[in-house]
Amino acid sequence: MNGLSVFALSGIGEVRPGDDLAELILGTGVELEDGDILVVTSKIVSKAENRYVRAADREDAITAETVRVVASRTRDGHTMRIVQNRLGMVSAAAGVDASNTPDGWILLLPVDPDASCRALAARLREATGRRVGVLLSDTLGRPWRVGQTDVAIGAGGVHVIADLRGTVDNGGKALSVTMPCVADELAAAADLVKGKASGMPVAVVRGRGDLVGDLDLPGAASIVRIGPDDMFRLGTDEALAEGRRAGMAQGRREGYREGFAAGAAQRPDAGAAGVR
């Protein structure tokens with residue numbers, strides 16, 4: 001591996017519902033090579049797939065896309081919600097986007113980001129004869145870290161994890177848990193050249209052809225850690241509140257049982273035979 005290069009594509013323009021993203025990408029004149037990985041901003045995929053919905057209130061749209069509230073805080077009249085959305089992702093605002101959309105409309109994430117990536121990768125491979133991969137990126141915050149970064153929410157023909165377990169480090173020590181999320185690393189690198197308001201929603205990462213594979217590789221959905229593996233299911237305040245509710249309920253149950261037992265002991269028929 002001689003190094004990594006990352007460059008954005010200019011000339012894609014405004015994406016509209018029904019647009020063929022493969023044609024728009026190739027229309028920039030880019031000469032794709034075997035092993036190239038295209039990192040595509042999720043917003044243009046959502047626009048092409050017509051994921052617009054009318055919403056006078058963005059908060060209502062967030063509620064509709066929310067499966068579970070992880071944490072909610074209200075400060076200075078503004079409520080921030082960290083939620084799990086329909087894709088299983090835990091993020092602020094459920095991925096609902098109101099920027100760069102017509103007034104009165106908001107944009108939802110693609111229905112199936114992995115399927116969108118596989119379809120786009122297949123179209124590009126067919127059109128160019130090149131073995132390329134596609135990642136779909138979106139901007140997320142990170143627990144205990146200030147600011148945001150782009151991560152991969154969809155993948156087609158790209159290894160999303162580099163599983164180094166079972167290998168050894170330079171000192172000969174066995175690696176037992178090392179699994180870099182290379183899809184997220186590539187998405188973050190691509191964001192450095194795409195930017196948020198540059199009008200260049202697609203970048204090409206060149207130099208990591210070892211990560212490009214078959215289209216049936218596990219997608220970015222495999223990265224999401226939920227269910228039994230979720231060690232931080234709730235925010236701190238929400239976890240404390242849940243614990244208090246559970247403790248109070250347990251206390252009421254125990255108090256009821258103690259009261260019942262005390263009352264039964266005072267019954268006239270409570271004798272050596274016991275309480276029936």
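In the hairpin of β4 and β5, which residue takes a positive phi? D76 does, with phi near 55°, and the hairpin has two residues between its strands. The model described here is predicted: local features need pLDDT of at least 70, side-chain atom pairs count only at pLDDT 80 or more, and totals for chains, interfaces and linings use all residues. Residues are numbered from 1 along each chain as its sequence is written, and side-chain values use heavy atoms, with hydrogens and water left out.

**Overall architecture**

- The chain contains six helices and ten strands; these are DSSP runs numbered from the N terminus, with helices being H or I of at least four residues and strands E of at least two.
- Of the 276 residues in the chain, 36% are buried (buried means under 20% relative accessible area, exposed over 50%, and partly exposed in between, with a 1.4 Å probe and protein chains only).
- The accessible surface is about 15,900 Å², and carbon and sulfur atoms account for 53% of that area (areas come from the Shrake-Rupley method with a 1.4 Å probe, and for residues only the protein chains shown count as cover).
- Where contacts join residues at least 6 apart in sequence, 64% of them join residues at least 24 apart (contact means heavy atoms within 4.5 Å).

- Strands β4 (residues 66–75) and β5 (residues 78–85) run antiparallel and are joined by eight bridges (two strands pair if DSSP finds at least two bridges between them).
- R75 has H78 in β5 as its bridge partner.
- D76 is placed in the loop between β4 and β5, and its positive phi occurs in a residue other than glycine.
- With a relative accessible area of 83%, D76 is exposed.
- β5 is also joined to β6 (residues 90–92), by three bridges in an antiparallel arrangement.
- Within that pairing, Q84 stands opposite V90 in β6.
- The hairpin of β5 and β6 has four residues between its strands, and G88 in the turn has a positive phi of about 90°.
- In a regular strand, side chains alternate between the two faces of the sheet.

**R81 within β5**

- R81 is located in strand β5 and counts as buried, at 17% relative accessibility.
- Its side chain makes a polar contact with the side chain of E59, at 2.8 Å (a polar contact is a pair of N or O atoms within 3.5 Å; within protein, one must be able to donate a hydrogen and the other to accept it, and residues adjacent in sequence count only if both atoms are side-chain atoms).
- Apart from neighbours within four places in sequence, R81 is in contact with E59, I62, T63, A71, S72, S91, A92 and A93.

**Helix α5**

- Helix α5 (residues 182–194) has 13 residues and reaches 18 Å from its first C-alpha to its last, close to the 18 Å expected at 1.5 Å a residue (the expected span is 1.5 Å times one less than the number of residues).
- The buried residues in α5 are V182, A183, L186, A187, A190, D191 and K194.
- An α-helix has 3.6 residues a turn, so residues three or four places apart point the same way.
- The cover over the buried residues of α5 includes β1 (5–8), β2 (37–41), β8 (133–142), β9 (145–156) and β10 (202–206).

- One aromatic pair is found in a search of the whole structure (rings of Phe, Tyr and Trp, the last by its six-membered ring, pair if their centres lie within 6.5 Å; planes under 30 degrees apart count as stacked, over 60 as edge-to-face and the rest as tilted).
- The pair is edge-to-face because the rings of Y52 and W105 have their planes at 85°, with their centres 6.4 Å apart.
- Y52 lies in strand β3 (residues 52–54) and W105 in strand β7 (residues 105–107), so the pair ties together parts that are 53 residues apart in sequence.
- Y52 counts as buried at 17% relative accessibility, whereas W105 is partly exposed at 29%.
- R54 also lies in strand β3 and is exposed, with a relative accessible area of 61%.
- Not counting residues up to four places away in sequence, R54 touches G104 and W105.
- R54 and P102 are 9.7 Å apart in space, C-alpha to C-alpha, and 48 residues apart in sequence.

- N50 is found in the loop between α2 (42–48) and β3.
- Although N50 is not a glycine, its phi is positive, at about 55°.
- N50 counts as partly exposed, at 46% relative accessibility.
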